[in-house]
Every structure is written in structure tokens, then in C-alpha cells.
Amino acid sequence: MKKDAPTPVHTWLVMIKAMQAISRFAQADLAKSGLGDSDFRVLEVLLHKGPLPVNVIGPKVNLTPGSISVAVDRLVSKGLVSRVECAEDRRIRIVALTPRGKGVITPIFRAHAATMERVFAGLSSDELRQLEDQLKRIGRQAESLLDQSIVKRRSVNRPSEH
């Protein structure tokens with residue numbers, strides 16, 4: 001029996017189901033650490049990128065300004081990060097891992113990396129690179145279409161100039 005050619009809708013569904021399965025597996029593993037998902041993402045970005053302004057962290061870890069503020073407050077109260085005013089611009093707050101925070105996130109991230117190794121063990125380095133390239137290309141296309149849609153919507157909703 002010959003399979004039909006894949007369609008974008010079917011590919012999207014397969015991608016969503018795969019991402020949900022990967023997320024459930026990663027979340028179950030992460031739950032053992034006692035860290036929530038947003039706390040893990042904030043600590044992980046600080047581990048790999050170093051100290052960052054709060055408003056830079058949010059978009060990197062896919063958190064809204066309100067959510068990133070709450071996450072940083074929570075991490076400060078646990079002693080895992082520090083938050084200080086930027087010397088050049090006091091409106092900007094720089095967040096950094098504390099030594100305790102680095103001690104907490106380092107082994108948790110190592111375990112997460114090992115979990116992802118298990119998830120992607122069936123793919124070669126070349127296949128991983130191809131998958132990453134394809135997903136980036138699809139993501140850029142979706143972002144471009146969204147941007148075009150927003151621009152179009154704004155021009156349609158703008159009052160006519162008569």
C-alpha cells in the first residue's frame with residue numbers, strides 16, 4: 001500500500017505530538033530537581049549567557065514581562081540569583097547567578113542534557129543538524145508570515161486619511 005505524500009497539516013501535527021512527548025519526558029525528569037520549568041529556563045540561560053538584563057531574559061526563555069519578573073523575584077528569594085541596578089542606566093536590572101544558583105543549576109542542566117541525549121539518540125550528528133536547520137527555516141517563515149499579517153492588519157485598521 002502506497003503512502004500519500006505528506007501534507008503540511010500532517011507534518012505540523014506530527015511535530016506537535018513529538019514536541020509534547022519530548023516536553024512531558026523532560027518535565028517529568030525536571031520535576032525530580034524541584035525546579036519549575038520557568039525557573040529552570042531562567043537559570044539555564046544565565047548559566048550559558050552570563051548576567052543579563054531582566055528585559056533580555058524574558059524573550060530568550062519565552063516569558064512575558066510579568067512572568068519573568070515573578071520568576072526572578074522567586075529566584076532572588078531562594079538565593080539563586082542576584083538582581084542589581086545597571087551602573088549606566090538605573091532603570092535596567094541585571095540578573096546573575098549566585099554561587100548557590102550555579103551550584104544548583106549545573107547538575108540539573110547536566111541531567112537535562114543527558115535526558116535530551118537519550119531522546120535524540122536515534123539521530124546522527126548530520127540528522128540533528130538537518131533537523132535543526134529545517135526547524136529554524138520553518139520558524140523564520142512562520143515569524144515572517146506573522147510579521148506580514150500584523151503589518152497588514154495595522155494598515156487595514158488605520159483610519160483613512162481624507
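## Helices, sheet and core

Asp 39 is placed in helix α2. Helices (H or I, at least four residues) and strands (E, at least two) are DSSP runs, numbered from the N terminus. The model is predicted, so local features need pLDDT of at least 70 and side-chain atom pairs count only at pLDDT 80 or more, while totals for chains, interfaces and linings use all residues. Residues are numbered from 1 along each chain as its sequence is written, and side-chain values use heavy atoms, with hydrogens and water left out.

Asp 39 counts as buried because its relative accessibility is 3%; buried means under 20% relative accessible area, exposed over 50%, and partly exposed in between (1.4 Å probe, protein chains only). Leaving out residues up to four places away in sequence, Asp 39 touches Ala 71, Arg 74, Leu 75 and Lys 78, where contact means heavy atoms within 4.5 Å.

**The sheet.** Three strands make up an open sheet in the order β1-β3-β2, with antiparallel pairing. β1 and β2 are the edge strands with a single partner each, so one side of each has no neighbour in the sheet. Two strands are taken to pair if DSSP finds at least two bridges between them. The pairings are as follows.

Helix α4 lies across β2 and β3 and runs at about 115 degrees to β2. Axes are lines fitted to C-alpha atoms, for helices over the stretch in contact, and angles run from 0 to 180 degrees between N-to-C directions.

**The α2 and α5 pair.** The axes of these helices, α2 and α5, come within 10 Å and cross at roughly 100 degrees. α2 and α5 are therefore roughly perpendicular (65 to 115 degrees; under 35 counts as roughly parallel, over 145 as roughly antiparallel, the rest as oblique). From α2, the contact is made by Phe 40, Leu 43, Glu 44, Leu 47 and His 48, and from α5 by Lys 102, Ile 105, Thr 106, Ile 108, Phe 109 and His 112. By class, this contact has six nonpolar, three polar and two charged residues. Ala, Val, Leu, Ile, Met, Phe, Trp, Tyr, Cys and Pro count as nonpolar, Asp, Glu, Lys and Arg as charged, and the others, Gly among them, as polar.

**The core.** A nonpolar core is a set of buried Ala, Val, Leu, Ile, Met, Phe, Trp, Tyr and Cys residues joined through side-chain atoms within 4.5 Å. The largest such core has 21 residues, of which Val 42, Leu 43, Leu 46, Ile 57, Val 61, Ile 68 and Val 95 touch the most other members. Two or more residues come from each of α2 (37–49), α3 (54–60), α4 (65–77) and α5 (99–119). The most come from α2, which gives five.

Beyond four places in sequence, Val 42 touches Ile 57, Val 61, Leu 63, Ile 68, Ala 71 and Leu 75. Ile 68 is in helix α4 and is buried, at 3% relative accessible area. Ile 68 and Val 42 lie 26 residues apart in sequence, with their C-alpha atoms 8.3 Å apart. Apart from neighbours within four places in sequence, the contacts of Ile 68 are Val 42, Val 54, Ile 57, Gly 58, Val 61 and Leu 63.
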